[in-house]
Amino acid sequence: MPPSTSIVLLDNGSLRPQATLNLRRLAEALSAACGVPVEAASLLHSHKIPAEALGGEKAVTLGPLAERLAAEGATELIILPLFFGPSQALTRYLPERLAEVQARYPALAVKVARPLVDTLGGVDLRLAQLLADNVREAMEGERRPTVVLVDHGSPIPEVAAVRNYLAGQLSALLAEEAECVTFASMERRDGDEYRFNEPLLETLLAAPELAGREVVLAMLFLSPGRHAGEGGDIAEICAAAMAASPGLSVRPSRLVGEHDGLVALLAARLEEGQRGAPLLLALPALSPNSTD
């Protein structure tokens, strides 16, 4: 790779140190796998985490990092989104932020690789296979569990469609091991226009059909934080459901970002960006006379 190309692994950002530490771990593993430096950055929030909670090294957000790399001579930036689908953070906020950077450094061209799942990009089972691995790890005993693929919930139908798409793939992969595979959102916005997020996890776990059942949550989350992981919102929802329905057993799987196989998928996205395969976004360097 030319020395003028920089690579950034990008997540949405969190105020929880565990999320930034996991992002850094993945960036280091990807760098080792591909033999090129990979920076870790967030779109938002993480720069507010105290440095002492991150081993003394402050987290960085994309804008300041991109400007620093451009000032150091980078003329191409390849961004690898640590996102499941086309959230507004990628399709709206990211282009706006990058345009600000390019206004200051017009020689900087930007490529944004596809997110982890592209429902229009042909059949790809890699992420579903990671989810299936995590579910199998969480299974106990001989009873076939009900598997619920749960995500945060999104105001964007295209993001919810990614979860539903993965649920279909997961159902096929676990056909002989699970009683059934369904999906749920952790939360949703009010209003009929957001009903596509239904069912909510809390409502689903309270269904009479699940009383006394073994349930494994396939966690469609990348890093531990306020929602996923120990003491998070998902754990509280599960504890309340089991208290209200004696005999119900709910076990969350590991998070997607905790599966070592995620690095191979990120490496494939990087290779696509390097060889000019389909991208989520491409922002060419501005011409010297551009006023855009």
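**Exercise 1. The largest pocket**

How many residues line the largest pocket, and which lie nearest its centre?

*Solution.* Some ground rules come first. This is a predicted model, in which local features need pLDDT of at least 70, side-chain atom pairs count only at pLDDT 80 or more, and totals for chains, interfaces and linings use all residues. Residues are numbered from 1 along each chain as its sequence is written, and side-chain values use heavy atoms, with hydrogens and water left out.

Step 1. On a 1 Å grid over the protein atoms alone, a pocket is an open set of points with protein on both sides within 12 Å along at least five of seven lines; lining residues have an atom within 4 Å of a point.

Step 2. Count the lining. The largest pocket is lined by 36 residues, and N12, G13, F83, H152 and H227 lie nearest its centre.

Step 3. The largest pocket has about 1,200 Å³. A volume is the space filled by probe spheres set on the grid points, which are joined across faces, edges and corners.

Step 4. Sort the lining by type. There are 16 nonpolar, 13 polar and 7 charged residues. Ala, Val, Leu, Ile, Met, Phe, Trp, Tyr, Cys and Pro count as nonpolar; Asp, Glu, Lys and Arg count as charged; the others, Gly among them, count as polar.

Step 5. Find the contributing helices. α3 (88-104) and α5 (157-173) each supply at least two lining residues. α5 gives the most, with 3. Helices (H or I, at least four residues) and strands (E, at least two) are DSSP runs, numbered from the N terminus.

**Exercise 2. The second largest pocket**

Describe the volume, lining and contributing elements of the second largest pocket.

*Solution.* Step 1. The second largest pocket holds about 220 Å³ of space.

Step 1. Its lining has 17 residues; R24, E39, A40, E57 and V60 lie nearest the centre.

Step 2. By type, the lining of the second largest pocket divides into 8 nonpolar, 3 polar and 6 charged residues.

Step 3. α1 (17-34), β2 and α2 each supply at least two of the lining residues. The largest share, 5 residues, comes from α1.

**Exercise 3. Salt bridges**

How many salt bridges are there? Which parts does the E272 and R114 pair tie together?

*Solution.* Step 1. A salt bridge is a side-chain nitrogen of Lys or Arg within 4 Å of a carboxyl oxygen of Asp or Glu. The count comes to 20.

Step 1. Take E100 and R97. Their closest N and O atoms are 2.8 Å apart. The two sit 3 residues apart in helix α3, so about one helical turn separates them. E100 is partly exposed, at 46% relative accessible area.

Step 2. Take E72 and R68. This salt bridge has its closest N and O atoms 3.2 Å apart. E72 is exposed at 56%, while R68 is partly exposed at 37%.

Step 3. Take E272 and R114. Their side chains meet at 2.6 Å, N to O. E272 lies in helix α8 (residues 262-275) and R114 in the loop between β4 (109-112) and α4 (126-138), so the pair ties together parts 158 residues apart in sequence. Both residues are buried. Salt bridges with shared partners join R114, D118, R269 and E272 into one network.

**Exercise 4. Helix α5**

Check the span of α5, then name its buried residues and packing partners.

*Solution.* Step 1. The expected span of a helix is 1.5 Å times one less than its number of residues. For the 17 residues of α5 that is 24 Å; the end C-alpha atoms are 24 Å apart, which agrees.

Step 1. The buried residues are V159, A160, V162, R163, L166, A167, Q169 and L170.

Step 2. These buried residues of α5 pack against α4, β5, β6 (180-185) and β7.

Key
On a 1 Å grid over the protein atoms alone, a cavity is a set of points where a 1.4 Å probe fits but cannot get out, and a pocket is an open set with protein on both sides within 12 Å along at least five of seven lines; lining residues have an atom within 4 Å of a point. Buried means under 20% relative accessible area, exposed over 50%, partly exposed in between (1.4 Å probe, protein chains only). Contact means heavy atoms within 4.5 Å.
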